[in-house]
Amino acid sequence: MPIFFQDIKKEAVGGKAQSLAQLTQLGYEVPNGFVILSKEQATYQHQLADFLAQLGAGPWAVRSSAMDEDGAETSFAGQFETFLTRKNQGEVEEAIEACFESFNNRRVQAYAEALAKEADLRLCVIVQNMVAAKAAGVIFSANPVDNRRDHLLINVVEGLGDKLVDGKVEPEQLKCYKYKEELPESQILTQKQLKALKAGVLKMIQDFGGEVDAEWAIDQQGELYWLQARPITTLSKAHFNELDTPLNREDEILTRGNVGEMMPGAVTPLTFSVFGRAIEVGLQDFYCRCGALPDFTEKWLYIKMHYNHLFISISGLYALAEEVTMVKKENIEFNIIGDTLSRSHPIALKSWWRRLQNQVKLIRYLNSGGKRLKALELINDQLDIQNEIAIGLQYKALCEQLVQLNLAYAHHYCTSSQSGSYYTTMTSIMSGAPIPKPESHEIASSLLVDIDGIAGNEALSDLQKIAIEIADNKERGSAWSELPTKQLLTKILGEAKIASKFTNFLENHGHRCIREAELSEKDWSQNPLQIIPVLKKQIQAILQGRTQKQPEVKVDVNEILSDYNWAKKKAVKYFLGKVRKAIVSREKSKSLCIKIQQKIKLGYCRIAESLVKEGYLEDSKQIFFLTHQEIGQLIATKKGSLLELAKERQGQFEAINTLNFADVSYGHPYPIEEEKLESMDGLKGTVVSQGTVTGRVKIIRNLAEADQLEQGDIMVCQYTDIGWTPYFSLIGGLITEIGSPLSHGAVVAREYGIPAVVNVKGAMQCLKDGELLTIDKDGLHLNNPSRG
């Protein structure tokens, strides 16, 4: 006896009928229909008239439904028969018989033979009402062409969808982001209809447990009907959103601010599972100690990843404003983004007594910075990766050391929070308001110079000492400065006194590099050739008397604060001392964390070498494209599928690394096209190191371009971390798109008297290589009025 869609339970009805039954029972609008089971081929005629009467006057569609059709592994799309517009019982019977016979079709047999597994070709037949379609088509919840899971692909034709299936007409093809409200313009469908299609297929992803392609039709009255849904079988496991972390709320506020400076660009899966988790645990430690989080959790509350790019959840951080008396939402926004948000969501303040208690906890936490820095030093001293041990034991040791890395970043967050909190308090006192005013940052920048012991400054100073040693013998310096990079390194290592200084430099600073938190980046000790080009230019500058020397700056605090009353001046001085000390601690703690992470990185490199020798990896670099947990699975199971996964991820990483995102996203972030600013009027930023300089603009996107810097150039880049420090001996000014008054570039620029402006959005698109630019206390000024 045939079965109506709504009555199908566990019967074997074939893939297509099963999906129609599921759609019907889940509440989707599906044309009513029934299924004739394969075993009833000889008897269905007895009930056909009655079942057709229950469907209505027709016309009807008759469609095959094979057991292995429209499945997760095989689709058999277009292989079996479908008959449309059957107007009477006789036509329906003919179509049913043709469907039952279609499994003998040569194309079906050829398709089945091409499969790697035995196909179940038992057939059932669907009879359902036809939709008098005004428009029809197919919507894909992921793009099967380029494997993008963040895209929806919609094919649309006017009238019935058979023209699309048969390839008789060229469909209108529309593409949009799943997570973006804006929809494309269609010549056939209204925005309301597109919205309904999008909402329906996004719901199907949840209901069907994966990506689907779905056939649909819209009738003459504009009603949407779903005609079929099946898994997309051609997608590979690796894709742009494979490792995305879930949102904790639909309108969760995410930003690249702050974390975009810590880790610019995309991160590899291994870095995400190691560094990403460590900074998440560090923040959880902070919030637990301040009463804003009851206990540690495996969830990602504060650090998120989308498209292999890290984000900070402003929504998650708001918990501190709910739980602590003197912390406001605006403080959190300003500290992370450098500005306050015009759009946010409300917070629920806890009782005043609870917030007061947590305020005491926060003060206690901040005051523990010195003790936690010592604990961090102890972790670094005691952590060691053992050599020449079995790969399984090596991995087990790494698991234990990741616990220490998490603790190290928890200590670092304490020192980092110290500098941020004290700086915000100091500038708020200057401004007389909770949110610091721009002029307060300018005054603060003039006070935060001549700070001894900053890690980045020491690296630059030590490198300059090597250049001075080489240039001390002018004949040697002149000859060496003209040598190719590799030959110059050989000369350095071949002369005992200079080699000793260079070796000491690598021992003290060799764990640093550009994007130093990314495990796949080779640090200076692994690839010392990185620093030779800038060393060569330092030698040349010394020989020509153009070297950038750290200025002797003495800060007259009383003069700078002369306009303040006695109480305000005393308060600013008190917090100034704390900020200066906290900056040194923060830079030292970050250096220690990277040194600990370097040891762990070398452990992974040794595992990679073993896996390559055993044939489970083809290239040692592939280890960075597996998470820590997946590396453990590979060691335990030796599954070849993990190698294929690593290769696929590695192949798409370059494309992922080029993606750009809005500074702030509400809900799921999506890539954007960077707006190109044509006028300097749109370039605004924060002056973080005072002074006046005029120089040639040099846009720097990577290390190779940095090697083209000349003495006095104004370096324009997205960010600066410790890896850029050697170039500060050459540049005359600095402009970054990311940064804050306490960012690494700002700190080093102040110590070397280099005028600097940070957080200048669009600088790399608006400014042009070679044009003359002035930086002063008011910001940026092009020396070409026609470009203003």
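This is a predicted model: local features need pLDDT of at least 70, side-chain atom pairs count only at pLDDT 80 or more; totals for chains, interfaces and linings use all residues.

Student: Which residues in H11 meet H8, and how many residues of the contact are charged?

Tutor: On the H8 side you'll find Asp285, Phe286 and Arg289, and they meet Lys361, Leu362 and Tyr365 in H11. Sorted by class, the contact of H8 with H11 has three nonpolar residues, no polar ones, and the charged ones number three.

Student: Now H12 and H13. How do they lie, roughly parallel or roughly antiparallel?

Tutor: Helix H12 covers residues 369-382, and its axis comes within 9 Å of that of H13, crossing at roughly 150 degrees. The cut-off for this label is an angle over 145 degrees. That makes H12, relative to H13, roughly antiparallel.

Student: And in which hand does H12 pass H13, left or right?

Tutor: For this pair, the contact has Gly369, Arg372, Leu373, Ala375, Leu376 and Ile379 on the H12 side, and on the H13 side residues including Gln404, Leu407, His411 and Gln418. As for the hand of the crossing, H12 passes H13 in one that is left-handed.

Student: Let's do one more pair. What is the angle between H9 and H10?

Tutor: Helix H9 is residues 314-323 and helix H10 is residues 329-337. Their axes are 9 Å apart, and H9 passes H10 in a right-handed crossing. The two are oblique to each other, and the packing angle is about 135 degrees.

Student: How many nonpolar residues does that contact have?

Tutor: H9 brings Ile314, Leu317, Tyr318, Leu320 and Ala321, while H10 brings Lys329, Ile332, Glu333, Ile336 and Ile337. Two of the contact residues are charged and no polar ones take part. The nonpolar count is eight.

Student: What about the cysteines? How many disulfides does the structure hold?

Tutor: A disulfide needs two cysteine sulfur atoms within 2.5 Å. Cys593 is buried, with a relative accessible area of 0%, and its nearest cysteine sulfur, that of Cys414, is 12 Å away. The sulfur of Cys605 is 12 Å from the closest one, in Cys513, and so too far for a bond. The number of disulfides in the structure is zero.

Student: Is Glu469 buried or exposed?

Tutor: Glu469 lies in helix H15 (residues 455-471). Leaving aside its neighbours within four places in sequence, Glu469 is in contact with Arg476, Lys497, Ile498 and Lys501. Its relative accessible area is 18%, and the cut-off is under 20%, so Glu469 is buried.

Student: And how far is Val697 from Glu388 in space?

Tutor: Val697 is found in strand S16 (residues 693-699), and it is buried, with a relative accessible area of 0%. Beyond its neighbours within four places in sequence, its contacts include Ile714, Val716, Leu767 and Leu773. Glu388 is 309 residues from Val697 in sequence, and the C-alpha to C-alpha distance is 50 Å.

Student: Zooming out, what share of the chain is buried?

Tutor: The chain has 26 helices and 21 strands, and its C-alpha atoms fill a box of roughly 100 × 60 × 60 Å, taken along the principal axes. Among contacts with a separation of 6 or more, residues 24 or more positions apart account for 69%. Of the 788 residues in the chain, the buried share is 55%.

Note on methods
Residues are numbered from 1 along each chain as its sequence is written. Side-chain values use heavy atoms; hydrogens and water are left out. Axes are lines fitted to C-alpha atoms, for helices over the stretch in contact, and angles run from 0 to 180 degrees between N-to-C directions. Helices (H or I, at least four residues) and strands (E, at least two) are DSSP runs, numbered from the N terminus. Angles under 35 degrees count as roughly parallel, over 145 as roughly antiparallel, 65 to 115 as roughly perpendicular and the rest as oblique. A crossing is left-handed if the near helix is turned anticlockwise from the far one by less than a right angle, and right-handed if clockwise. Contact means heavy atoms within 4.5 Å. Ala, Val, Leu, Ile, Met, Phe, Trp, Tyr, Cys and Pro count as nonpolar, Asp, Glu, Lys and Arg as charged, and the others, Gly among them, as polar. Buried means under 20% relative accessible area, exposed over 50%, partly exposed in between (1.4 Å probe, protein chains only).
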